[in-house]
Amino acid sequence: MDKWNKRFMDLAEHIATWSSCLRRQVGAIVVKDKRIMTTGYNGAPAGVKTCIEKGFCIRNEKNISSGTHAEICYAAHAEQNAIIQAAKEGISLKGCVLYCTHQPCVVCAKMIINAGIKEVIYKDGYPDEFSIEICKEAGVKLTKFEELEKEDKKKIKVYKKIAK
């Protein structure tokens with residue numbers, strides 16, 4: 001893994017701290033040619049009170065499991081907010097890489113595909129196997145961040161052997 005992948009994932013993790021979700025803090029950053037195009041975190045749409053402001057999570061109140069009924073939530077997902085921000089500002093995401101603290105859900109996966117994002121690098125899993133299936137079918141590369149870290153460690157070992 002090069003230093004850029006680590007930098008962008010670190011930034012996605014920092015952006016997740018801006019989340020107004022009581023249940024899960026998610027951050028996303030969309031990058032092209034090592035340039036930040038947009039960022040997003042999960043939170044209520046403009047003009048809608050956040051769960052923090054309301055003092056409760058509707059999903060917790062209704063005992064809704066993660067990965068199901070995404071429509072019953074006050075928040076938009078981090079990936080959605082990053083894509084919407086690009087649309088709002090007239091920024092094309094075609095050919096970009098999206099770094100996210102969590103694997104996208106199927107709704108986000110569909111938006112990622114249609115936005116033209118070519119790869120998603122995510123840190124934590126999410127209970128939505130269909131999102132993985134639909135990304136593969138559409139040719140969007142999904143990469144778990146820890147796999148990049150493992151590859152990097154292998155490269156370092158090889159480099160150290162060569163350097164001796």
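In the predicted model described here, strand 4, helix 6 (residues 129-138) and strand 5 form a β-α-β unit of right-handed sense, a crossover being right-handed if, with the strands pointing away from the viewer, the path from the first strand over the helix to the second runs clockwise. Helices (H or I, at least four residues) and strands (E, at least two) are DSSP runs, numbered from the N terminus. Residues are numbered from 1 along each chain as its sequence is written. Because the model is predicted, local features need pLDDT of at least 70 and side-chain atom pairs count only at pLDDT 80 or more, while totals for chains, interfaces and linings use all residues, and side-chain values use heavy atoms, with hydrogens and water left out.

Strand 4 (residues 119-124) and strand 5 (residues 141-144) run parallel and are joined by four bridges, two strands being paired if DSSP finds at least two bridges between them. Within this pairing, Tyr 122 is placed opposite Lys 144 of strand 5.

The loop between helix 5 (106-115) and strand 4 contains Ile 117, which counts as buried because its relative accessibility is 2%; buried means under 20% relative accessible area, exposed over 50%, and partly exposed in between (1.4 Å probe, protein chains only). Apart from neighbours within four places in sequence, the contacts of Ile 117 include Ile 83, Leu 93 and Val 140, where contact means heavy atoms within 4.5 Å.

Asn 42 lies in the loop between strand 2 (35-41) and helix 2 (51-54) and, at 6% relative accessibility, is also buried. Its side chain makes a polar contact of 2.8 Å with that of Ser 19; such a contact is a pair of N or O atoms within 3.5 Å, of which, within protein, one must be able to donate a hydrogen and the other to accept it, residues adjacent in sequence counting only if both atoms are side-chain atoms.

On a 1 Å grid over the protein atoms alone, a cavity is a set of points where a 1.4 Å probe fits but cannot get out, a pocket is an open set with protein on both sides within 12 Å along at least five of seven lines, and lining residues have an atom within 4 Å of a point. The largest cavity has a volume of about 290 Å³, and the largest pocket one of about 380 Å³, grid points being joined across faces, edges and corners and a volume being the space filled by probe spheres set on the points.
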